[in-house]
Amino acid sequence: MPRIAQRLPCPAALAISSRVDEVTAEIEWRVSDALVDYDEALAFMEERAAAIRAGTARECIWLLEHPPLFTAGTSADPAELSNPLGFPVYQAGRGGRYTYHGPGQRVVYVMLDLDSRGKDIRCFVHALEGWMIDTLAELGVSAHRAEGRIGIWVGEGAAEQKIGALGVRVKRWVTLHGFALNVAPDLEHFGGIIPCGIADFGVTSLSKHEKQIAMTGVDACLKRSFHPFLNSLDRQCKES
């Protein structure tokens, strides 16, 4: 049986970021240099979402990496988990199925208040996908959505591969979780699951596409693409 990791209480002084840059006065932009334990990330998101809803904290974008682990969404099928390396498995509370997180993957947790941004979850997910696609384009990789398949993809036909995954949760109209871009992870680690329940297509990364990019470079592109994402989210969701 897989080891199911239990969520721990959030420490009183969680050291989650050594570099903090502002994007706007209303939104905090955090970047963690050290690997962040998944239970700490979950606890932080829960606390921050509650504070955003209460009006006592700003919205937040958090960029980080996790140690090698699997997360199970609310639709996870145990048959899709083999886990030969014995990575910890976390119940994430988000939508979706099994995903992998590990070093070399840029995880972006998005804590925004949809109450002031249109209350449209489908629009929010579509805007997140657009943010991923725009960031990858700036990094020199053409990526796209695929009808009927979760995630962001590169290539065509049988050669299509997933380069980005996303899964979100919305609690009292505040978003939690977000997406992950494969920069240079160990792709063999994905062999412990059927990623997002899609067995017919593989997983790829920027490094496999000969894009040797430091995480700081990826972060810079994410930041440059953030304002178009936010503008798109506000415009499309409020008008829909």
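The model is predicted, so local features need pLDDT of at least 70 and side-chain atom pairs count only at pLDDT 80 or more, whereas totals for chains, interfaces and linings use all residues. Residues are numbered from 1 along each chain as its sequence is written, and side-chain values use heavy atoms, with hydrogens and water left out.

**Cysteines.** Select C60 and then C221. C60 counts as buried because its relative accessibility is 0%; C221 is also buried, at 4%. Here buried means under 20% relative accessible area, exposed over 50%, and partly exposed in between (1.4 Å probe, protein chains only). The whole structure holds 0 disulfides, a disulfide being a pair of cysteine sulfur atoms within 2.5 Å.

**Aromatic rings.** The whole structure contains 14 aromatic pairs. Rings of Phe, Tyr and Trp (its six-membered ring) pair if their centres lie within 6.5 Å; planes under 30 degrees apart are stacked, over 60 edge-to-face, and the rest tilted. Select Y38 and Y90 next: the ring centres are 5.0 Å apart and the planes stand at 55°, so this pair is tilted. The pair joins distant parts of the chain, 52 residues apart, with Y38 in helix α1 (residues 38-54) and Y90 in strand β6 (residues 89-91). Helices (H or I, at least four residues) and strands (E, at least two) are DSSP runs, numbered from the N terminus. Y38 and Y90 are both buried.

Then select W29, W131, F179, F226 and F229, which ring pairs link into a cluster.

**A charged side chain.** Finally, select R149 with W153 and F201. The charged end of R149 sits over the ring of W153, 4.6 Å from its centre. R149 also lies over the face of F201, at 4.0 Å from the ring centre. A charge sits over a ring if NZ of Lys or CZ of Arg is within 6 Å of the ring centre and within 35 degrees of the ring normal.
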